[in-house]
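Subject: The structure for you to look at

Hello,

Here is the structure I promised to pass on. Please open it next to this email, and then read on for what turned up in it.

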Amino acid sequence: MRCVCLLLAASWLGAGAHVAYAQEEKPIRWAADASSDVPYTFHDLKDQDKLTGFEYDLMQELGKHMGAPLQFVQNDWDGLIPGLQRGLYEMVICGIEMTDEHAEGIDFSNPYYITSERIVVRRNGPQLKNLADLNGHAIGTIKDTQAERILTENAKVQLRTYDEETDAFMDLANGRTDAILIDGPIAKYYGDTNPALQVVGEPIGRVEYGIAFAKGQNVALRTKVNAALATMQHDGTLHRVLLRWDLWTPEMAQFTNDHTTLNVTPAAWNAYVAELEGKGGWRIKLDRYVGFLPQLAKAAWLTLLVSLCAMVLAVGAGLALALLRLYGPTPLRWLATTYVEVVRGTPLLIQVLFIFYGLPEFGISLTPFLAGVVSLGMNYAAYEAENYRAGLQSVAHGQMEAALALNMTHAQALRYVVVPQAFRLVMPVMTNDFISLLKDSSLVSVITLTELTQTYIRLSSSYFDYFGTGLMVGAAYLLLGLPFVRLARMAEKKLAQPHMRRR
């Protein structure tokens, strides 16, 4: 009996140790673009701090079947695969189509969802029900998708490509295009929920979604994911998730060989539709805008923090570059000139992506915040350098001569006489540059930072409300910049006052 008790105690302690280890296990990171990705992974219309979507639910079930904690990482669509290759996360699930082109750069899990392309038209517009009907018409779709490749092969189609689904459907509703060719889930959630639009015709082609992994890496994790997906197919978990979102398709039934009829209501689909239909009226919109304020405040703080840090870097580096160009030795003068011309001659977006995704290949890996500050700061340093150079050259040459005549060294003359006068001259230009930098900080959204512009995209696309949300975000940018304009004017007045002896 004692031996039995000891064995039971040992097994209990071992199980407890296993649970503790599982709880301390490092989470497996997965990424998606939740800014406007209905019905894949998106922010709940009722609670913008909560994520939802059929892929989000699928990942929660996947984590349970794998027995491992999962951690979500937000990234812009264009940055998902570069971030995967950089090692910011281990896998990506965001409606990525399993095509030969994609397979050349990434590894895929087994398919977790199979659907088709669908045509969406206006109810009062041309009724284009198949690919042949699209000839001669303006047709919209999402860039870098199978639908785009299908339309590209037809020279008679006037192709319009978009980054965001909401933009494509807004153009269709406004009559800028005649139809949309797009993946089935998107057609359903954007087309069937809009009274002005309808999904028409038969399904076209076959689209397979897979979880993406970095090429040649995480083989063990991919094997584990495939095993969990297989279990989810066999035990009906995948079927139930898709039924909740009303996304179970004949293609999925054939692929999984699951032809059973489950008693699962499309609760998630019904809730989404009800929330969309219940968002009319100015009182409801006003309540929604009030609910946006905490999110906008958080995004505004990040925007301001990035901009301030970047401007400090730009001012310091710009002044150093200007002094080197005017007073430095020839090699340093040449390097400073080259830096200014190269940075001014290349797009800021390219520089942001290069610093965040390119430098890790040389062993320099910066956090998203630091990468944003460095890219913005070093970019604006080139422009500030030219401003300071112009200011330094505007100071009368006699000022330098007078300082040297007072036994100042060249460095002291620059520090105490020339630079302060130049600083006063370029103060208005510096203020203007800071306002420009504040707005250009929107580009850091491509490296996973959720600032004001990214927040605007998410909120406006969730509720199809670009006007009211746009006014709020525009006002936020204006309020961020106005205090600094006021401070700059006060500084200008102070610096412009003649130096008089107080009595």
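Predicted model: local features only at pLDDT ≥ 70, side-chain atom pairs only at ≥ 80, totals over all residues.

Is Thr 303 buried or exposed? Its relative accessibility is 1%, and buried means under 20%, so Thr 303 counts as buried.

Next, the nonpolar cores. In soluble globular proteins, nonpolar side chains tend to be buried together. Here the largest nonpolar core has 104 residues. Leu 62, Val 92, Tyr 112, Ile 211, Val 225 and Leu 452 are the ones with the most contacts inside it. Helix α12 gives the most to this core, with 11 residues. Another core, of 14 residues, lies apart from it, and includes Val 417, Val 418, Val 419 and Ala 422.

Now the aromatic rings. A pair of rings is described by the distance of the centres and the angle of the planes. Counting rings whose centres lie within 6.5 Å, there are 16 aromatic pairs. In one of them, Tyr 40 and Phe 54 have ring centres 5.5 Å apart and planes at 45°, so this pair is tilted. Tyr 40 sits in the loop between β1 (28-32) and β2 (42-43), while Phe 54 is in helix α2 (residues 54-66), 14 residues apart. Both are buried: Tyr 40 has a relative accessible area of 2%, and Phe 54 is at 0%.

Phe 54 also pairs with Tyr 113, with centres 5.4 Å apart and planes at 55°, so that pair is tilted as well. Tyr 113 belongs to strand β7 (residues 113-122), 59 residues from Phe 54, and is buried at 1% relative accessibility. Ring pairs join Tyr 40, Phe 54, Tyr 112, Tyr 113 and Tyr 209 into a cluster.

Finally, look for charges over rings. Arg 86 lies over the face of Phe 356, 4.1 Å from the ring centre. The charged end of Lys 188 is over the ring of Trp 269, at 4.2 Å from its centre.

Enjoy exploring!

How values were computed:
Residues numbered from 1 in each chain as written. Heavy atoms only, no water. Phe/Tyr/Trp six-rings, centres within 6.5 Å; stacked < 30°, edge-to-face > 60°. Helix = DSSP H or I, 4+ residues; strand = E, 2+ residues; numbered from the N terminus. Buried < 20%, exposed > 50% of the residue type's maximum accessible area, 1.4 Å probe, protein only. Lys NZ or Arg CZ within 6 Å of the ring centre and 35° of its normal. Core = buried A, V, L, I, M, F, W, Y, C linked by side-chain atoms within 4.5 Å.
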